[in-house]
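Here is a short briefing to read with the model open beside you. Take it topic by topic.

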Amino acid sequence: MKRICLIIATTIAALSLGACSEQKVTIDKDIPAGNIVFERMVNDTVYVHQELRGSKRAWFYWGFRVKGAQGKRLTFVFTKSYAISPRGPVVSLDKGKSYEYLAEEGATMYQFTYDFPKSAKEVWFYECHPYTPEMWEAFLNKPHKGKFETGVLCKSPKGRDVPFLRMTPQNNTPKLSVVISCRHHCSEASAEYVAEGLTAAVLEDSELGAWLRENIELTVVPFVDMDGAVDGDQGKWRLPHDHNRDYTEFIYPETAALASLIAETQPQMYIDFHNPGLKKKDNYIYTPYKEHTLPIDIAFSQLIEKYQEGNLNYSTADDMPFGVGWNTAKNYTDGLSAAHWVGLNIKSIKVARSIEIPFTHAKGTLIYPSNMREFGHGMARAIKAFAEGEADAILQEQQNAEK
Ligand SMILES: [Zn+2]
């Protein structure tokens, strides 16, 4: 007969299971952007759920750490709502330096099982590859070509600095001004690697980098919902409406500041990076077009496809016309999104879009920081082609064919 052990609750966030003579297994959220509620552990099954933290609908972001489970086979069950990608969680055995899909076998949207290696004293699990402000700082601190300005867009509601980056050509009037943002939905962390890859192309020591620095003005706002990105909130469906439905009321300081920055900058291109849902149908890169989408914006998609790098297999055929699926006017009853507001209000704008990067795989290819960065690098090539008139040429060809 099994011995019954006492469950000792240490804190609300971190509960420990006294395993008698066995080592103690602990589950907590004391990792960057951590989010979990430990409910109970019964034999080798751990029951948990994600914290919604003010989201009005169930959403699926979470991140937690397990200590003292080396050599065990544990099953983690999410009790409230689905929260796991078809490829299972990303798992780090080196405290966040790298992640792998190590618990895919048998994973469902509600549970996964992991065999802890005998040497794994501490293992981190996340719903998707995390991207924290420290990672952005580390990226900026790498050796780069070209000078860029960094500054504070505004203070977040919790008093954090919301950063931005700007690079302006030193000698030329820019051919194109591009504004990029991420984390209107703070839990959509992994799409940020694409934005980083795009930014890296502008800062690299190459012919492409030199051309971009001479000809493009680039502004990047990497963490719109800064507090949520640091704290590990869901962000999506945040009450009373989330950051990407705030471009009607502007209740968040970050959205108001970003809108002012865009109005001052008068860019021709605005790209807002997102991750979509977790279900099977969401596993490819796409842009949902809007009522305001211009033909030249759709032509830009052809350039993204043409110049793409890496193995994520983006195709313009995957883009979502307005009026299809979730992409209808009903989706904006809470308020305008950033791309929608830019499309309607910025006179200089030609491209005003969001782009959805799947969480864990694109058409069967597993997603990692490396191939997301490569995709971003290819997007920088597409931006160069756009600035050189290639999208205009596509439109001209289309018009000629229609005659
Ligand atoms: Zn989003």
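Four strands form an open sheet in the order S4-S5-S7-S9, with mixed pairing; strands pair if DSSP finds at least two bridges between them, and strands (E, at least two residues) and helices (H or I, at least four) are DSSP runs numbered from the N terminus. This is a predicted model, where local features need pLDDT of at least 70, side-chain atom pairs count only at pLDDT 80 or more, and totals for chains, interfaces and linings use all residues. Residues are numbered from 1 along each chain as its sequence is written, and side-chain values use heavy atoms, leaving out hydrogens and water.

- S4 pairs with S5 (residues 45-49) in the antiparallel sense over five bridges, and Val37 stands opposite His49 in S5.

**Zinc site**
- His185 (ND1), Glu188 (OE), Glu188 (OE) and His274 (ND1) coordinate the zinc ion at 2.0 to 2.6 Å; donors are N, O and S atoms within 2.8 Å of the metal (3.2 Å for Na, K and Ca), and water is not among the atoms, so sites may look incomplete.
- Along the chain, the donors of the zinc ion follow the spacing H-x2-E-x85-H.
- Glu188 lies in the loop between strand S13 (176-182) and H2, and His274 in strand S15 (residues 269-274), so the pair ties together parts that are 86 residues apart in sequence.
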